[in-house]
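Here is a brief report on one structure.

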Amino acid sequence: MLPAAALMGFSIWNLKHIQRSGQVEAAIQRDFSHVLKIAENKSWHKAYDMVMPIRSQFPNADQGRAEIEARLDRILTQHPEFSYALFYDKKSNLFVSRTQPGRDSDPNFCGRSQEAIKMAASWIPLEAPHTAAKVRLAMQKEDEPVLFDGGWMLTDNQHIYWNLGYFIPPGVPKDRVELGFVSLDEDYLRNSFFPTLMADVLNSKDNVLRQEANPPAMMIRPAKDSAPWVASANWDGGKPEAERNFQWVFQDLALAIKYHGTTVADISSRFLRYNSIVLAALSLLMIGGIWLTYRNVSREMTLARLKSDFVANVSHELRTPLALIRLYAETLELGRLTAQEKYHEYFRIIREESERLTALINNILDFSRIEAGRKEYEFKETNLAELVRTTLDSYRFQIEQNGFSFEEHISGDIPPVNVDREAIARSLLNLVNNALKYSKDQKYIGVSLYRANGSVKLEVQDRGIGIAAAEQDKIFEKFYRCGDPLVHNTKGSGLGLSLVRHIAQAHGGNVSVESVPDKGSKFTIALPIDPSVRAGAALA
Amino acid sequence: MSVTKILIVEDEPNMVAGLRDNFEYEGFQVTTALDGVDGLERALKDSPLFDKDETQLAGDNNLDPNGTFTFGVKIKLKRPLNL
């Protein structure tokens with residue numbers, strides 16, 4: 001009991017604790033941040049891998065302007081995903097710019113490319129030494145000869161995203177400041193580069209966020225604006241759960257991620273709810289277990305008490321007839337009787353007490369066989385009317401001698417029934433004996449045998465002390481005896497009715513009682529006529 | 001010589017009958033009672049030891065709802081007990 005309560009208390013505390021610190025949410029946030037980091041890494045790798053081959057083809061200042069322009073045009077033609085390429089040489093103050101030749105006829109493209117090139121032309125000559133130094137440093141430290149820069153610019157009331165991958169072209173001596181630049185096309189970024197990237201990240205097998213019902217969705221937005229610039233197919237708006245600003249590539253853009261159709265708060269509250277339900281179910285189970293254990297223990301204790309009462313009762317029940325037989329036999333032996341009828345009375349009493357003892361011992365033996373599961377019945381087709389009549393005949397004298405009026409109704413249409421003769425006779429005797437024992441002033445016993453609803457019913461009725469409604473269920477339990485055990489004034493072992501019930505059930509029937517205290521009781525044994533009912537009962 | 005009285009309190013009628021036969025054979029005058037209350041009444045009424053007129057129920061006599069009757073008896077002996 002105590003450990004169970006402790007466990008329950010701990011679980012509740014744990015649940016509260018989770019709720020308070022938002023551990024679930026934090027864990028999901030961590031996973032989101034992790035995925036975003038992977039996304040940025042991938043985009044850097046992807047961009048880097050695109051720029052690297054271009055760097056190896058790039059011209060340097062030794063080749064003269066015309067050759068440089070031709071080379072840049074060739075590069076752009078081969079790589080349509082770039083919008084323009086720039087070359088700058090500090091020494092000769094040579095600035096060469098070429099736009100994607102394939103898109104000369106796209107005015108929008110040309111306009112924004114020219115704007116971007118104009119802006120680049122304004123800062124590159126000033127920043128070139130510093131920029132070249134940065135590239136050289138990166139080459140030394142990381143062996144990564146390409147760096148990126150990017151940002152937003154406003155032209156004609158339009159925000160345009162510009163980006164540059166820059167490097168020192170091959171074959172440039174260390175004391176020269178020469179730089180190459182290429183820019184990924186904005187249309188390419190929005191329509192191909194980022195959508196592919198996001199799909200890759202979201203569908204990756206390592207994606208910790210994968211789940212069927214609410215797959216994660218991503219979008220890329222300007223760092224200073226919350227509206228999506230590019231979004232994955234399943235982006236459904238709403239507040240992102242985690243965000244990350246690009247640092248190494250595509251500066252001034254931010255990645256954002258969330259679950260499609262739900263929020264982390266929802267998930268965590270669902271998790272909590274689920275846990276609460278599990279906890280409640282477990283607690284219920286535990287309480288049920290405790291209750292069952294308690295019930296079993298108290299049942300066992302009641303049974304133990306009943307057993308010890310039983311032993312006391314039975315010893316008394318065995319000793320009384322024995323003492324009587326001995327008393328009467330000794331009196332006879334001592335020749336203390338004078339009248340002839342006294343002899344008869346004495347013999348009769350000795351016989352009756354022997355019978356009582358036999359009946360009691362038979363009950364106990366039957367009972368112990370039943371308890372050990374060794375009780376076997378011999379079912380034979382039997383004339384029940386004849387069986388009941390003979391059984392009662394041998395008992396009639398005793399019943400009437402005790403001052404009882406006795407009625408016997410046996411209807412004429414009783415079919416032969418498959419029963420164990422001895423068991424049925426014993427049940428009848430047990431019921432009649434009970435009627436004898438539990439009658440006070442109204443001394444009446446009625447026995448009827450009749451056919452009803454596919455069964456034969458054997459009824460024993462008295463006008464005795466009756467049984468309280470609360471006790472009517474229990475009287476068929478073994479060892480159970482009515483009333484206060486301290487004031488038993490009738491004899492009994494507490495076995496009779498439990499045997500009657502067992503016998504009736506073994507025959508596929510049952511025994512029931514109707515009783516009103518101080519008015520009398522009626523016990524009815526119902527035995528099925530159809531033997532298959534019994535077979536069913538035996539199987540069950 | 002006066003007849004010695006004996007009171008048999010026993011709830012088994014056959015036992016009472018058998019004992020009565022034997023005690024009567026031995027020369028006792030036998031009275032019988034089938035339960036304790038009856039037995040106590042007869043003992044108080046017939047006992048040679050108690051002064052019937054001075055014997056009374058005393059103290060808190062009470063019948064509780066379970067049917068248990070608790071009572072005290074104040075008796076006066078006809079002669080001191082020789083214990």
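## Around Ile124(A)

This is a predicted model. Leaving out residues up to four places away in sequence, Ile124(A) touches Tyr88(A) and Phe95(A). Ile124(A) sits in helix 4 of chain A, which spans residues 107-142.

Is Ile124(A) buried or exposed? Ile124(A) has 21 other C-beta atoms within 10 Å. The cut-off for a buried residue is 20 or more, so Ile124(A) counts as buried. Leu86(A) lies 38 residues away from Ile124(A) along the chain. The C-alpha atoms of the two are separated by 9.9 Å.

## Nonpolar cores

The largest nonpolar core has 58 residues. Ala85(A), Leu86(A), Phe181(A), Met218(A), Leu255(A) and Ile257(A) have the most contacts inside this core. Helix 2 of chain A, residues 23-57, gives the most to the core: eight residues. Domain 1 (2-40 + 195-265) and domain 2 (50-185) of chain A both give residues to this core, so the core lies between them.

Phe181(A) touches Ala85(A) and Leu86(A), and also Ala120(A), Leu164(A) and Tyr166(A), again not counting residues up to four places away in sequence. A second, separate core has 36 residues, including Leu428(A), Leu449(A), Leu458(A) and Ala504(A). In soluble globular proteins, nonpolar side chains tend to be buried together.

## Contact between the chains

How many residues does each chain give to the contact? Chain A gives nine residues, and chain B gives nine residues. On the side of chain B that touches chain A, four residues are polar, three are charged and two are nonpolar.

Note on methods: Residues numbered from 1 in each chain as written. Chains lettered and ligands numbered in written order. Predicted model: local features only at pLDDT ≥ 70, side-chain atom pairs only at ≥ 80, totals over all residues. Contact = placed C-beta atoms within 7 Å. Nonpolar A, V, L, I, M, F, W, Y, C, P; charged D, E, K, R; others polar. Helix = DSSP H or I, 4+ residues; strand = E, 2+ residues; numbered from the N terminus. Buried ≥ 20, exposed ≤ 12 C-beta atoms within 10 Å, placed from the backbone. Core = buried A, V, L, I, M, F, W, Y, C linked by C-beta atoms within 7 Å. Domains from an automatic or database assignment.
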